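Hi,

Here is the structure I promised to pass on. Have a look at it first, and my notes on its aromatic rings follow below.

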Amino acid sequence: MQATASAATPEAVRPPRHHYLNVDYGLRSWLLTTDHKRIGILYLLSITFFFAVGGIYATLIRLELLTPQGDLVSSDTYNRLFTMHGVMMIFFFLVPSIPAVLGNFLIPLMIGAKDVAFPKLNLASWYMYMIGAGLTMYSLLHGGVDTGWTFYTPFSSSYSNSFVAATALGIFVNGFSSIFTGLNFLVTIHRMRAPGMTWFRLPLFIWSHYATSLIMVLGTPVLAITLVLLFLERVFQIGFFDPALGGDPVLFQHFFWFYSHPAVYIMILPSLGVISEIVAAFARKPIFGYKFVALASMGIAILGFLVWGHHLFLSSQSAYAALVFSVLTMLIAVPSAIKVFNWMATLYRGSIEYSTPMFYALGFIGLFTIGGLTGLMLGTLGIDVHVHDTYFVVAHFHYIMVGGALMGYLGGLHYWWPKITGRLYSGFWSHLSALLVFLGFNLTFFPQFILGYLGMPRRYHVYPPEFQVLHVLSTAGASILAVGYLLPMVYFIWSLKYGDYAGRNPWGAVGLEWQATSPPALHNFEEIPVVDFEPYQYKGAPVAQRLPYRIAKYGA
Amino acid sequence: MSEHEHHSLWKPYGQVLVALLVLTVVTVVAANFHFGTPWSDLVALFIALSKAALVVAFFMHVKGSTRLIKFAVWTGVIGIAIFFALTLSDYATRVITYVDAPRM
């Protein structure tokens, strides 16, 4: 999208006189807001900060790995770097990213509601997030944790000299934020849909958030229990996991991964929803196999709870249980593949427009596919024995969590930014940023597949010199990736003051959120909409919905 | 609220309270009997689950709630059942070694 300067802005694209951003200006009005859109903005600012913190740790890790000697930081410091990178990125950025920012902002708009079901609980979720993040920052500022983000026992419970208890407490509190958000979304989607908005008229973004919310509500309490048990063992020496105290360390891994594997789907499912919206909008076609894509989200959420044991293949888990988990892991590829194939079928003979969100969506499909297929390799017992705890695993989960979840988040942010702010951003710079992210990402993480396959273990900062070339490539890629991430911060902020007005529907997209003004009014709609149309009816969508400058440029 | 309604509301609560107290006594008594592994654990778990079911059904008003509420409760129960079952699939089969396994 090109934010062309126009002297005379048509009245139709001017923002409304009153909207959620100018309803009040004081700090108090933001900190005590119960408006789902403002809470989404609070989350946007917060997670961006913690993404930057996690990014600083990533930078230090990549700098350290430039040379084989381990000459920048000590082994102990390196342990703390990758742990805090993981903790920050997973618990304080990726898990809340799309649900808490875009989900909060868009779910009521997309289903034709004035707000979420429990607005005060929604605000409470942000406060729980901030308290949890504050506790974790406290431990970070005092030296951090060195256990890895997985907190494996008995090291974490009995031997580590780092701030395990404070961090565990921070993540425990943050978990309530997740539960509150999930509960709110489930009730909102069940109870607050506009008249005529049946289940199979819901946007796929909503279906994916429904599935995500189920995982949040069912899985997060188990993480909380796990962290409480870890806390009790560490602080009061009550034996649950430490063999010296009569516990079983593998039990911790069962507890931890029962949440943390589904948590991968908390991160990726909302992205899948975003991609469905973008692909349909910029191929200008209805999603191929809408019901299958919708139900695939539910399939992923349910099967996601059955596969955690593939993290324990080499942790002395029973070989028979490993076999069962391996088979179940293969099954989850089916709903994931349904989505990818259906996006492909949607693109086929579509009127594809290479806008910035579409760049991210196409990048996502490729990276998610690579991440997913390497996941199948890791779910295969024989291969996992070879590459377990190597950089192959690191590359795989970054293809899912960064190539998938983060690309989806950025794609969604670019797609709905005009709705959120009422402004357009620079077409050139946003295209450039999407390209840099894609290229930088692949240069960073593809060499890590090779590194891992050759035997480079994860979580080591001293390595044989023959691995240096691949590590240098990876660090070079990370530098490009960093530029790709920094650019949107610049042009998004620029757009707030200098970007052209977006109008209600700059993409000519269908969906209730595009019927609201940009930025939306305090209660979203002038009157509650009545839904008498099927989702993604792009065929023959009136061109007049498109932005006026496009009509001037391309003709109506 | 009439006296009759007030009475009908509290009566089942009282009965459930008595049942919970009785089951607590049963828990203590059962702990003194050694049924052997794994029966001692199973008996204790059965009593605990019975108490939990009473609390969920009556004190949390799930009995008499809509099907959606019951569905939500069962979703949680099934979630925990999956957690236990698949975790136990590890512990229960660790003792089976390759040598013990039936030969194909």
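Over all chains, the structure holds 57 aromatic pairs, where rings of Phe, Tyr and Trp (its six-membered ring) pair if their centres lie within 6.5 Å. Planes under 30 degrees apart count as stacked, over 60 as edge-to-face and the rest as tilted. Phe50(A) and Phe92(A) make a tilted pair, because their ring centres are 6.0 Å apart and their planes are at 45 degrees. This pair links distant parts of the chain, 42 residues apart: Phe50(A) is in helix 2 (residues 36-64) of chain A and Phe92(A) in helix 3 (residues 75-111) of chain A. Helices here are DSSP runs (H or I, at least four residues), numbered from the N terminus.

Phe50(A) is buried at a relative accessible area of 5%, and Phe92(A) is buried at 0%. Buried means under 20% relative accessible area, exposed over 50%, and partly exposed in between (1.4 Å probe, protein chains only).

Tyr138(A) and Phe163(A) pair up edge-to-face, 6.1 Å centre to centre with 85 degrees between the planes. Tyr138(A) is partly exposed at 41%, and so is Phe163(A), at 29%.

There is also a charge over a ring (NZ of Lys or CZ of Arg within 6 Å of the ring centre and within 35 degrees of the ring normal): the charged end of Arg38(A) sits over Trp30(A), 4.1 Å from the ring centre.

Bear in mind that this is a predicted model: local features need pLDDT of at least 70, side-chain atom pairs count only at pLDDT 80 or more, and totals for chains, interfaces and linings use all residues. Residues are numbered from 1 along each chain as its sequence is written, chains are lettered from A and ligands numbered from 1 in the order in which they are written, and side-chain values use heavy atoms, with hydrogens and water left out.

Cheers

Note on methods. Helix = DSSP H or I, 4+ residues; strand = E, 2+ residues; numbered from the N terminus.
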